[in-house]
Structure formats: C-alpha cells, structure tokens
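Subject: Structure for you, with notes

Hello,

Here is the structure for you to look through. Please open it alongside the notes below.

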Amino acid sequence: MTAMWKAEWVDPRTTALLVIDVQQGFVNQHSRGVLPAVVRLVDGWQAAGAPVVMSRFHNAAGSPYETITGWTRLRSPEEQALVADLAPFAARATAIIDKHQASVFTPEGARTIRAAGWTDLVLCGIDTDACVYDSAVAAYQAGYRPWIVTDACASTGGARYHDAALLLASRNIGPQQLITSEVALSRIHGTQGAHT
C-alpha cells in the first residue's frame, strides 16, 4: 500500500512535516510502538533544515467528543503534553498548533501553512484513523499535496483502525500519497537511503 515519492528529492523550503498529536494521552499498547519512527522522522527532518509543525489536541468540556461519543480523555495537562522523546525537537519546531478538533486545519493552522508557502505536507502521528486522516483530507481539499507516512502513524484503537484509515486514504487521496519513513527521509535528504 506504499508508493514511491515521484521526485528523487523534495524542496525542504516547501515541504513541511506535520506531527499530529503525539501526546501522552494518546500513547497506549497499540500506539506506543510508533514513537521511535516518529522521533527518527522528526530528527531527520530538522537535520535537513526542513520545517516541522507539531499539533496538540485539547478535548474541551462540552466538546462533541464528550457530548456525542462520551469521550473525555485529553483534558489534563499531563495527557495533553507531547511525549517526552519529542521535547528536544519541539523547542526547535517551526510551529506548535493547539487544536480542539481532529484536523490540524484550524484557523491558526490554515494560516500558518498558507503563510509559509508550503505545497507538500508530510503527516505522521496518532490517531491514523482520526486526526491524521482528517488532516490529510483537509490538506487535499485545500489544494496541498498530503503524504501519509504509514509506519510513523498508529491508532490507539489498534491495527484494524490504522489499516482501515490507510485504505480510505488510498482511495480518497491516492495510493501514491502513502509512503514509508525511509522514503520520506531519503527524499528530504536527496539520497537513496534514509538518514537518522
């Protein structure tokens, strides 16, 4: 389900890495295993001088997540905090976007992305089937080229939800937009092998 990036390398000035909601409250037995791939991707991206944007989800009291589905997690500062492994990279992030919705395309997020002049958005994070997928579709609908890094995403609900989201992404934004972290890193560095 993974396709090669069409270009041999990408322009780090116009290609941003969006790290979606890699927060303490989203780490569980299903998502924990993806953290090393996310950290490796962020490290390589910043080493190439390319922009990294991180998002943090906040589930406000009275949100649709609470009133419709009964989900009340991601309320405390501890749950909302980025995972400790990302802290050194967060200090050098191009932007950190706090959001109360699944998609990173909040008014602030959309402004940040538009003002930077990025054309390609490479997405990783948690949950594949919620915030990552919704952000990728929103990017596509707004005229950006989204790339989902399949091995740097996970679902707190488990592999079947992760796989279902990738299946939908393949249909709705194109199978060629699904790539591995090795491919993403090799393209941002302009080499055939990934840098770490």
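First, the ground rules. This is a predicted model, in which local features need pLDDT of at least 70, side-chain atom pairs count only at pLDDT 80 or more, and totals for chains, interfaces and linings use all residues. Residues are numbered from 1 along each chain as its sequence is written, and side-chain values use heavy atoms, with hydrogens and water left out.

**The sheet**

Helices (H or I, at least four residues) and strands (E, at least two) are DSSP runs, numbered from the N terminus. Six strands form an open sheet with parallel pairing. Their order is S3-S2-S1-S4-S5-S6. Strands pair if DSSP finds at least two bridges between them. Strand S3 (95–99) and strand S6 (178–179) are at the edges. Each has a single partner strand, so one side of each lacks a neighbour in the sheet. S6 runs parallel to strand S5 (residues 145–154), and two bridges join them. Ile 148 is opposite Leu 178 in S6.

**Helices on the sheet**

Contact here means heavy atoms within 4.5 Å. Axes are lines fitted to C-alpha atoms, for helices over the stretch in contact; angles run from 0 to 180 degrees between N-to-C directions. Helix H6 (residues 128–141) lies across strand S1 (15–20), S3, strand S4 (120–126) and S5. H6 runs at about 170° to S4. Helix H7 (residues 159–172) lies across S5 and S6, at about 165° to S5.

Helix H8 (181–189) is mostly covered. Val 183, Leu 185 and Ile 188 are among them. The cover over the buried residues of H8 includes H1, S5 and S6.

**The cores**

A nonpolar core is a set of buried Ala, Val, Leu, Ile, Met, Phe, Trp, Tyr and Cys residues joined through side-chain atoms within 4.5 Å. The largest has 35 residues, and Val 19 and Leu 86 touch the most other members. Elements that each supply at least two residues include S1, H1, S4, S5 and H8. H1 gives the largest share, seven residues. Setting aside neighbours within four places in sequence, Leu 86 is in contact with Val 19, Val 22, Val 38, Val 39, Val 42 and Met 54.

**Two backbone points**

Most residues other than glycine have a negative phi, and most peptide bonds are trans. Asp 21 is not a glycine, yet its phi is positive, about 55°. Asp 21 sits in the loop between S1 and helix H1 (35–47). Asp 21 is buried, at 0% relative accessible area. The other point is a cis peptide bond between Ile 126 and Asp 127, with omega about -5°. Asp 127 is in the loop between S4 and H6.

**Cysteines**

How many disulfides are there? The count is zero, where a disulfide is a pair of cysteine sulfur atoms within 2.5 Å. Cys 153 is in none; the nearest cysteine sulfur, in Cys 124, is 6.2 Å away. For Cys 131, the closest cysteine sulfur is that of Cys 153, at 11 Å, which is too far for a bond. Cys 131 is buried at 6% relative accessibility, and Cys 153 is buried at 5%.

Best wishes

Terms used: Buried < 20%, exposed > 50% of the residue type's maximum accessible area, 1.4 Å probe, protein only.
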